[in-house]
Amino acid sequence: MTFKYLFPLLSATLISSASPLVAADTAATPSVVQPKWDVFTAPDARFTVLMPGQPERETQIQKTYMGEINLEMFVVEPPNQQVAYLVVYNDFPYNYGAVTDPEIILNNARDMALKTTRSNLIRQGPVRTYSGIPGKEIEYVNAGGRITRKRMYVLDGRLYQVMVMTNRQQQRTLARTITGYLNSFNLVVR
């Protein structure tokens, strides 16, 4: 899984729409060197998250029926693992982001993610950040067996998606790490 292949896939899913421990199970993969986890703060300081290394940043402008939308993606793919840790966000035009119910935006983002990746929903449920912002967690699997676990939040006209993409074996091996990563995401309320 490489960064250049992730961005086109994710950009299609995005348009539609406080310090936990991070533990790694190394018994099943003793040869894998665990990366060093550090707090990453977004360039605009609107979110923080623990990341297993310095993320690569990619920016892209997408044309939509709402106008142009700027997508920002931060990704880390630790070496020798079939896993990618991502935070992606996009701002909506004011007239959409300010007047649309966040639950509708989250449901639309879920539906578009499933449709564009041709995936089956495994589970979903409500979540909250440490600062109390409500969101939605979904987990889905595509035909190739890739599993995505994602949490989505809407704040101030911006859709945030924090996710982990991996295979079944790595998901089992890194289950606590994945949960710790997702739990570490926090939005800064202004």
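Rings of Phe, Tyr and Trp (its six-membered ring) pair if their centres lie within 6.5 Å; planes under 30 degrees apart count as stacked, over 60 as edge-to-face and the rest as tilted. With this rule, a search of the whole structure, which is a predicted model, finds 13 aromatic pairs. The ring centres of Tyr-89 and Tyr-160 are 5.8 Å apart and the planes stand at 45 degrees, so this pair is tilted. Tyr-89 belongs to strand S5 and Tyr-160 to strand S9, so the pair ties together parts that are 71 residues apart in sequence. Both Tyr-89 and Tyr-160 are buried, a word that stands for under 20% relative accessible area, with exposed meaning over 50% and partly exposed in between (1.4 Å probe, protein chains only). Ring pairs also link Tyr-89 and Tyr-160 into a cluster with Phe-40, Phe-47, Phe-74, Tyr-153 and Phe-185.

Some conventions apply throughout. Residues are numbered from 1 along each chain as its sequence is written, and side-chain values use heavy atoms, with hydrogens and water left out. In this predicted model, local features need pLDDT of at least 70 and side-chain atom pairs count only at pLDDT 80 or more, while totals for chains, interfaces and linings use all residues.

The protein has five helices and ten strands; helices (H or I, at least four residues) and strands (E, at least two) are DSSP runs, numbered from the N terminus. Seven strands make up an open sheet with antiparallel pairing, in the order S3-S4-S5-S9-S8-S7-S6. Strand S3 (56–64) and strand S6 (119–128) stand at the edges with a single partner strand each, so one side of each is left without a neighbour in the sheet. Two strands pair if DSSP finds at least two bridges between them. Strand S8 (residues 147–155) and strand S9 (residues 158–166) run antiparallel and are joined by nine bridges.

Another part of the chain is the loop between strand S1 (38–41) and strand S2 (47–51), where Ala-45 is found. Ala-45 has 39% relative accessibility and therefore counts as partly exposed. The C-alpha atoms of Ala-45 and Leu-187 are separated by 8.9 Å, although these residues are 142 residues apart along the chain.

Finally, confidence must be considered. The pLDDT, the predictor's confidence in each residue from 0 to 100, has a mean of 83 for the protein, and 82% of the residues reach 70 or more. Over residues 7–30, however, the pLDDT is below 50. Where pLDDT is low, the predicted coordinates should not be read in detail.

Conventions: Contact = heavy atoms within 4.5 Å.
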